[in-house]
Amino acid sequence: MKWYQYNSEHVARKLAVDIREGLTEKQAGERLKKFGPNVLEEGKGVSWLMLFFKQFQDFMVLVLLAATLISGLLGEYVDAIAIMAIVLMNGVLGYFQESKAEKSLAKLKELSAPQANVLRGGQWKKIPSADVVVGDVIKMASGDRISADVRLVHVKGLEIEESALTGESLPVTKNVHEIGREDVEVGDQHNMAFTGTLVTRGSGTGVVVGVGMETAMGQIASLLVSTERVQTPLERKLAELGKILIITALILTALVVTLGVYQGHPLYNMFLAGVSLAVAAIPEGLPAIVTVALSLGVQRMIKRKAIVRKLSAVETLGCASVICSDKTGTMTENQMTVKQLFTIEDTLTVSGEGYDISGGFYEGDQKVNPNNLPVMQQMLLYGALCNNASVTYKNDRYVLDGDPTEGALLVAAKKASITPEMLSSYKIVHEIPFDSDRKRMSVVIEDEQSRRFVITKGAPDVLLPRIQYVRTEAGHVPLKARDEEKINRKVHTMADHALRTIAVCCKPLKQGVHYTDVDLEKDLVFIGLTGMIDPPRKEVKQAILECKQAGIKTVMITGDHAKTARAIALDLDLMPEDGRVVEGSELSRMSEQHLASIIDDVYVFARVTPEHKLKIVKAFQNQGHVVAMTGDGVNDAPAIKASDIGISMGRTGTDVAKEASSLILLDDNFATIKSAIHEGRNIYENIRKFIRYLLASNVGEILVMLFAMLLALPLPLVPVQILWVNLVTDGLPAMALGLDKSEGNVMKQPPRSAKEGVFARGLGFKIVSRGIMIGLVTLIAFILAYQGQEERLLYAQTIAFSTLVMAQLIHVFDCRSERSVFARNPFGNFYLIGAVISSVVLLLIVIYYEPLQGPFHTTDLALRDWVGIIGLSAIPTLLWGFSKK
Ligand SMILES: Nc1ncnc2c1ncn2[C@@H]1O[C@H](COP(=O)(O)OP(=O)(O)OP(=O)(O)O)[C@@H](O)[C@H]1O
Ligand SMILES: [Ca+2]
């Protein structure tokens, strides 16, 4: 027998679980230990050994190793061993860089791991999906990705899209009845929900019958190949650029070798020098350092409560020019409190903060008891009945479970002493749920006398066309134009005060008549209006200002009333007085071109449904903007996907929204978007810094050799020195640049263009000009020291080696700023100081430590030599430090 053939009690019994209580933590722990975690086995990751050997796969490194081997066989042991040692160290360094990148990517994956809602010991809990065990009672709602195979026991309009499993993209409606037949296809098992499939509608609960590889998904082996990470745009650009650089380096190296041989240097010497030069000059490590820099940035973002799901987002963030953000919960606290009550005869204000149930009702300054006003009392009671929220007192605080709008209504009712006992005498027999498209919710209620009536609550402008009567103290009277006007005026004044408005209506139902859902919400009786405040989060105003200074426009998108939205937008300084507010209905009528033509003046989109978001994203993109878009629901997913930076909410977001997004806000906070953009810009600037440093160094290295060969000089640097420079001077400071703090002005500049190339904004010129200067001063130092005398060669090479190293170590400080070397405090980057000091110490060691003098072809230098070296090596940086370019 299969699970779908049993009825639900039987399933529960077989799995030894009480469906109302769930497993106990102890039972679950035991099962987890016995059967293992609920994960699908992925393809094997790279082992550390493979990662290590990968460092030596590079073609030029192989040539170098072969060349060293030959020189070893020819008796040049010292050279061979020194080169081998350096190549090995290079490999170790590369290994550490890459494994660091791998680790932080793995950690990232862990952080965005899916969760499941399970019943344990009578309490609903969110736990990592991996900890779900067979027998767990699990709850699923619209937007969830299901994390185990489940036999459903209770469903409420549950629809599941199972394309991942069956290929069928239409959602399947689920029920709980057992299926009598055997051999039912997965797609026809209507009482089952499967791992990896998606809830598109409704909700349900069930018992877990299969986890991990024992699920229907686990059986499909083909899906389990681990997905490989795609390169980010910058990584791709650099990989392409790398090819060009490799060819350039090879051509130049070949030129150096040819010239050298032509000038009479021995072929073997030139070959080894050439290969070393090629290894040093080819920036094959650049993409890896970029990955490291990106993933380090990702770690910093986690500290700022933003989780990057796609590495490419780190780059794109820096280009963002428009942020489209939800209002409720992202810009505001999403903590609603009713402030005003309105019936056609009375208006009251309500005191109190948050969900605290202490507070009173006032008419002007006069305290009143709302229970003396029958219509008022009815509105409060009905607001609490058409309601799925609950407010409980926990740890000295009132906490809300459910929708904040409903929480506010519940709290207002409690302030009027409406108790749960009073509510329990009414039975809810039917519910038409709230969603952002409908902007209303209805319940059918049966009272103790078995009389039935509907309560509908929702956005007033949506309900007004459905209202025919008004409730007064004397009873229901037909709605007159005068009343309608009065209601509308009240809605507007409430909205102007940034209050969210909810209208409460009702309608008695006749016995024995069948009403469809459409009928239920027709011909309603208006009872009253509530106005509730949702205060802005306090950090948001500052964040919006910083975005503005950074050339980024913030746009508010909300389902709320236009006036409410406008009041909050003005309060947050999000838009100028004359900024435009566009409503969803207007948006629907507008053509895409028209929208694109006005969109630069729009700051608020109000009364929109999630479907509108896609149109908004497209219109901004049409105008050449790079758009960040937030969202949390299933219907937000298309817009999130279409935007350049999709952002989802860590707390309130559905799995679907999270999967579509490239950035998750752990605290759902708008200010976090700003922090992430700041970090994204910083990372990109740091990447530019070390590209600039590394490539300028390489240009210098190649040019000094090329110039020397042109001038028929001996080799200014021996192979092992070149390799040493590549390892030490190029390696450590470059990494330290990747960890640099941002220049104070990163958020004071317009966003960079997404099309910008690697060498944009003068970077190419900086690289070449500094590179030439570094090559020149090294050459001059060599010539001055050599003086054409063969016996001075060792000394001159030591001088050239030191000058090259020092010139680079001074130049690295210039790379910290886009402006000038003098623009920043040189001691501002602790890592860089450390890297420079260790490079200098290592240089002194290979120069003065006798056992190393042989392998590194160095000799002792005098103090006066150092004066010359430092003087010369400071020239490139100082010279350009005074120029603007
Ligand atoms: N639980 C509810 N029951 C009935 N009506 C509601 C409920 N919640 C909100 N509304 C009404 O629907 C309108 C739209 O709400 P919705 O939740 O779609 O937007 P929002 O949360 O303000 O928007 P966003 O999150 O995009 O800023 C509200 O202004 C309110 O009038
Ligand atoms: Ca190099």
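Q: Is Val308 buried or exposed, and why?
A: Val308 counts as buried, because 28 C-beta neighbours lie inside 10 Å of it. The threshold for a buried residue is 20 or more. Please keep in mind that this is a predicted model.

Q: Where is Val308 found?
A: Val308 is in strand S8, which covers residues 306–308.

Q: What separates the C-alpha atoms of Val308 and Ala676?
A: The two C-alpha atoms are separated by 9.2 Å, although Val308 and Ala676 are 368 residues apart along the chain.

Q: Which residues does Val78 touch?
A: Not counting residues up to four places away in sequence, Val78 touches Gly854 and Pro855. Val78 is partly exposed, because 15 other C-beta atoms are within 10 Å.

Q: Let us step back. Which domains is the protein chain divided into?
A: There are domain 1 (3–38 + 115–218), domain 2 (231–301 + 677–881), domain 3 (306–331 + 537–668) and domain 4 (337–533). The centres of domain 2 and domain 4, taken over C-alpha atoms, are separated by 71 Å.

Q: How many helices and strands are there?
A: The secondary structure of the protein chain comes to 32 helices and 28 strands. Its C-alpha atoms fill a box of roughly 115 × 70 × 50 Å along the principal axes.

Q: What share of the residues counts as buried?
A: Of the 885 residues of the protein chain, 48% count as buried. As for contacts with a separation of 6 or more, 72% are made by residues 24 or more positions apart.

Q: Which residues have the most contacts inside the largest nonpolar core?
A: They are Val150, Val208, Ala320, Cys324, Cys505 and Phe605, in a core of 246 residues. Helix H25, residues 670–710, gives the most to this core, with 22 residues. In soluble globular proteins, nonpolar side chains tend to be buried together.

Q: Take Cys324, then. What is it in contact with?
A: Leaving aside neighbours within four places in sequence, Cys324 is in contact with Val555, Ile557, Ile616, Val617, Val627, Ala628, Met629 and Thr630.

Q: On to the ligand. Which residues come nearest to ligand 1?
A: Lys327, Ser436, Ala459, Thr558 and Gly559 come nearest, out of 22 residues around ligand 1. Helix H13 (404–415) and the strands S17 (440–446), S18 (452–458) and S21 (499–508) are the elements that give two or more residues to this shell. S21 gives the most, with three residues.

Q: How do the residues of that shell divide by type?
A: The shell around ligand 1 has five nonpolar, eight polar and nine charged residues.

Q: Which domains give residues to the shell around ligand 1?
A: Domain 3 and domain 4 both do, so ligand 1 lies between them.

Q: Now helix H19. Why is it described as largely enclosed?
A: Seven of the ten residues of H19 are buried, so the helix is largely enclosed by the rest of the structure. The buried ones are Ala562, Lys563, Thr564, Ala565, Arg566, Ile568 and Ala569. Their cover includes helix H16 (481–496), S21, strand S23 (553–557), S24 and strand S25 (602–606).

Q: What follows H19?
A: H19 is followed by Asp573, with a positive phi near 60°. Asp573 sits in the loop between H19 and strand S24 (580–583), and counts as partly exposed because 14 C-beta neighbours lie inside 10 Å. Most residues other than glycine have a negative phi.

Q: And what is the phi of Asp396?
A: Phi of Asp396 is near 65°, a positive value in a residue other than glycine. Asp396 is in the loop between strands S14 (390–394) and S15 (397–401), and counts as exposed because it has 5 C-beta neighbours inside 10 Å.

Q: Finally, what pLDDT does the protein chain average?
A: The average is 88, and 95% of the residues score at least 70. Over residues 222–227 pLDDT stays under 50, and the model has eight contacts beyond four places in sequence for them. For the complex, the predictor gives an ipTM of 0.95 and a pTM of 0.84.

Definitions and conventions. Residues are numbered from 1 along each chain as its sequence is written. Chains are lettered from A and ligands numbered from 1 in the order in which they are written. This is a predicted model: local features need pLDDT of at least 70, side-chain atom pairs count only at pLDDT 80 or more; totals for chains, interfaces and linings use all residues. Helices (H or I, at least four residues) and strands (E, at least two) are DSSP runs, numbered from the N terminus. A residue is buried if 20 or more other C-beta atoms lie within 10 Å of its own, exposed if 12 or fewer, and partly exposed in between; C-beta atoms are placed from the backbone. A residue is near a molecule or strand if its C-beta atom, placed from the backbone, lies within 6 Å of it. Ala, Val, Leu, Ile, Met, Phe, Trp, Tyr, Cys and Pro count as nonpolar, Asp, Glu, Lys and Arg as charged, and the others, Gly among them, as polar. Domain bounds come from an automatic or database domain assignment. A nonpolar core is a set of buried Ala, Val, Leu, Ile, Met, Phe, Trp, Tyr and Cys residues joined through C-beta atoms within 7 Å. Two residues are in contact if their C-beta atoms, placed from the backbone, lie within 7 Å. pLDDT is the predictor's confidence in each residue, from 0 to 100.
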